[in-house]
Amino acid sequence: MSIRAKTHGLLLAAATMGALGAQTPGVSFERDVKPVLEARCLKCHGVKMQLGKLDLRTRESAVAGGAHGPALVPGDAQASRLYRHVAGLEKPLMPMGGKLAASEVAVLRDWLAQGAPWSGALAEVEARKEPEPEDRTIAPEARQWWSFRPLRRQEPPKNGDAQWDAHPVDAFLFAKWREQGLRHAPEADRGTLVRRAYLDLTGLPPPPEQVREFLADRAPDAWERLIDRLLATPQYGERWGRHWLDVARYADSNGYEHDFDRPNAWRYRDYVIEAFNRDTPYDVLLREQIAGDEMEPASNARLIATGFLRNYAKVGFREKDNPQFRFDYLDDMIATLGRGVLGLTVQCARCHDHKFDPIPQRDYYALQASLWGYVEVDHPLAPKPEADAYAAAMAAVEAKLKPLREELQMLEAPYARQVREKKYRAWPKHIQEAVFTPEEKRTPGQVLLANQIIRTTGASPSEMEPLMTPADLAARRALAARIAVLDKQRPAPIPVAMGITDGDYRFTPDGAGDEPAPGKGVQREAVEGAFLCDGTRPYEAPPSYFLHHGDMDSRGRPMRPGFVQVATYSEMPVEMPPPHHRTSGRRTALANWLVARDNPLTARVMVNRIWHHHFGRGIVATLDNFGKTGEPPTHPELLDWLSRRFLDDGWSMKRMHKLLMSSRAYRLASGFSDPENEQRDAANLFGWRFRAQRLEAEVVRDAILAVAGSLNPAMGGPPVFPPLPEETLKSMDKGIWRRQPDGPETWRRSVYVYRKRGLPFPFFEVFDLPDQNITCGRRNVSTVPTQALTLLHNEFVIAQAGRLAARVMAEAGPSPEAQLERAYWLALGRPPEAGERAAGLSFLASQPLAGLTHVLLNLNEFVYLR
């Protein structure tokens, strides 16, 4: 910081302290204090709500305080939370609607110092007439933003150029080039195009024989037949399913501190791949993922699909222990649906109306009400008689285990306490103070700290047994032996899918789970505090409330389910109970609204996402933000035309792929340069040349395996665990990473590599693996030294370069000329050019073939789609 900046900061601080430091003569509660409290504080701490359980209407309630302790300490302003928050000494700065004037802060300080005299009760000042937050609607003009308007029917422009008017996509782009004075690139050579198509649609480089076959096929429809063939391969689903898994924030572990394994998460990953390969219409894909358990006819695939909503990162504890977690998981669902499906940051309206887009807080809690009844379940995938028998056998074993576990817990309790207390005393003093302070006397900071330490500090049998008396030790071992015998009586597991359904999950103010309301036909407990309905009586969704400022302790009115108003153009039901009566049908209604033909966002967002992956940049660059802080579309008419076409084609993604890839614009060269174009559109926003794209992390690894002849094509099933460096494994103390040898079992496509939130696979992370905890629309693309160093020194890359060399030698024989030719065809899909041939033969005269193949894997051409 400069001396001038420091001086300015000191002067500013002195001026502020001077304003607050001056004594306010003769502070009167009625004249000076009461108007400030009534006008600025009672809106959030009065009759309508008490944020943080704090009621400021009377002196008694203010002194008693709320969830964070007393608000007033008469005679001591510095110890009074009211003063500390309005003065900015503690966060958040209060009041939320804008800070008090320095003179008002000084009045409150001096009043508190005088003992906080108070007369009577406060009454809220009649504010200007505004709708309550629960009732707030949007103005009609809010829909004037481009993405909120209905899809327009556009006709492709007529440019008077037969070649560029023949294809609708080309007609729109050509019109924009002409308008901007841009000259388009020539068409790329056919060898480049076949490699582009393979990498784009399958994520794998083309085999040399397929390249030669395409080069020899001079029929007019050769390109379209190539596209059809690639779309029909199972590798298409592995490639494009991976794009959707980014949106769905898919992972195989919970994340957070414990990073527990999710042993059945992979079924959702396989569902996505299969859905893309079947060309499941996008509207059906959304319905199945949001409400598959409510759809008829029921199917395992639809139950598995509900894993989409359950893919959130999760703290490894019961929601009953901390109800805040449930609100955070719901927020993640809303953020994923908002950004991933609607292209809106709806989650920004959790605590207040959206600051930029017309999304009132009401809309957020209407969406939350649509999802509120969810509970986590493991859906049985076995036939019902088998699943029922399994559940009965498990219940019988659990019934026998329960009293034994309770007895064991009581026996161990004093010894576990000793072990934990010893561990607590190894922490620094401030942590010990937080843990050993009685719960009701902890400060908010101590509550967070103590909860973290207490949750994560356990006591193992090996730590407790040395402390036990001989009698207790014998009793403990006898109980443990009986429990072990019963554990072995559990039936063999049946296949299950990680998903959700509706249940009854309520919270009392102290955070304990309520029993479900009587008469609902409760069938079984799904998770702690949550119960499922058996359908003997219609399911009733538990109440969901508007939360003022997003505070779960500041409930407003119960909320009806609903949708984002700015994207709603027709009345639609908010509940559609299914025939089985076990769920509310709110999620079905939500899915139907998302895919309604008059929803202006869903089709636009998906079409733009597909365009981005083909052309390297979306028509809207901000794939998950179509709001006012996002980028505007470069070709709005084209986006609307494509979105209409998407709907008319039955939401078919494969038809959209073919439509885009059959355009001349897709076949433009990437290496073209034009000085005038560079002046007018240096960023190539208008697509006058093809945008070269660095391959994603998974495609880089898959391409290496493919050209080396190592790739195991097996599809689906549990994830694989490629070897990790020993030091990396030693640094991992939570979750799992199984040790599998480097070989065919782990040489499968990267979509099947275990997705560990707490430890991203290092090779992927180097090449910009996105944050696996949140939805991701567009991956970051960096160019950093560690990427080159990884390709040069990574053991996997070196080993595969050796396997590529062995493959070349086996297929080309001992001739260096033939080896060089075959190596280029395998790695790059083309023969070496004259200069490359001379350099390559010179290299092979003194260096091993594996050195040459390693160089080829390090070329930009290998890791870029051009």
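Histidine 549 is partly exposed, because its relative accessible area of 27% falls between the 20% and 50% limits. This value, like the others here, comes from a predicted model. The backbone of histidine 549 has a positive phi of about 60°, although the residue is not a glycine. Most residues other than glycine have a negative phi, and most peptide bonds are trans.

**Positive phi values**

- Histidine 549 is located in the loop that runs between strand E6 (545–547) and strand E7 (555–558).
- Tyrosine 256 is another residue other than glycine with a positive phi, in this case near 55°.
- The loop between helix H12 (234–247) and helix H13 (266–277) contains tyrosine 256.
- Tyrosine 256 counts as exposed because its relative accessibility, 51%, is over 50%.

**Cis peptide bonds**

- Methionine 94 and proline 95 are joined by a cis peptide bond, for which omega is about -5°.
- Proline 95 belongs to the loop between helix H5 (81–86) and helix H6 (102–113).
- A cis peptide bond also leads from glutamate 296 to proline 297, with omega near -5°.
- Proline 297 sits in the loop between helix H14 (282–291) and helix H15 (300–305).

**Largest cavity**

- Rolling a probe the size of a water molecule over the atoms shows where empty space is left.
- In the whole structure, the search finds seven cavities of 30 Å³ or more.
- By class, the lining of the largest cavity comprises nine nonpolar, five polar and three charged residues.

**Second largest cavity**

- The volume of the second largest cavity is about 90 Å³.
- Residues lining the second largest cavity include Glu238, Arg239, Arg242 and His243, together with Glu698, Val699 and Asp702.
- Among the other lining residues of the second largest cavity are Glu696, Arg749, Val751 and Arg779.
- Helix H12 (234–247) and helix H29 (697–707) each contribute at least two residues to this lining.
- H12 gives the most to the lining of the second largest cavity, supplying four residues.

Conventions:
Residues are numbered from 1 along each chain as its sequence is written. This is a predicted model: local features need pLDDT of at least 70, side-chain atom pairs count only at pLDDT 80 or more; totals for chains, interfaces and linings use all residues. Side-chain values use heavy atoms; hydrogens and water are left out. On a 1 Å grid over the protein atoms alone, a cavity is a set of points where a 1.4 Å probe fits but cannot get out, and a pocket is an open set with protein on both sides within 12 Å along at least five of seven lines; lining residues have an atom within 4 Å of a point. Grid points are joined across faces, edges and corners, and a volume is the space filled by probe spheres set on the points. Ala, Val, Leu, Ile, Met, Phe, Trp, Tyr, Cys and Pro count as nonpolar, Asp, Glu, Lys and Arg as charged, and the others, Gly among them, as polar. Buried means under 20% relative accessible area, exposed over 50%, partly exposed in between (1.4 Å probe, protein chains only).
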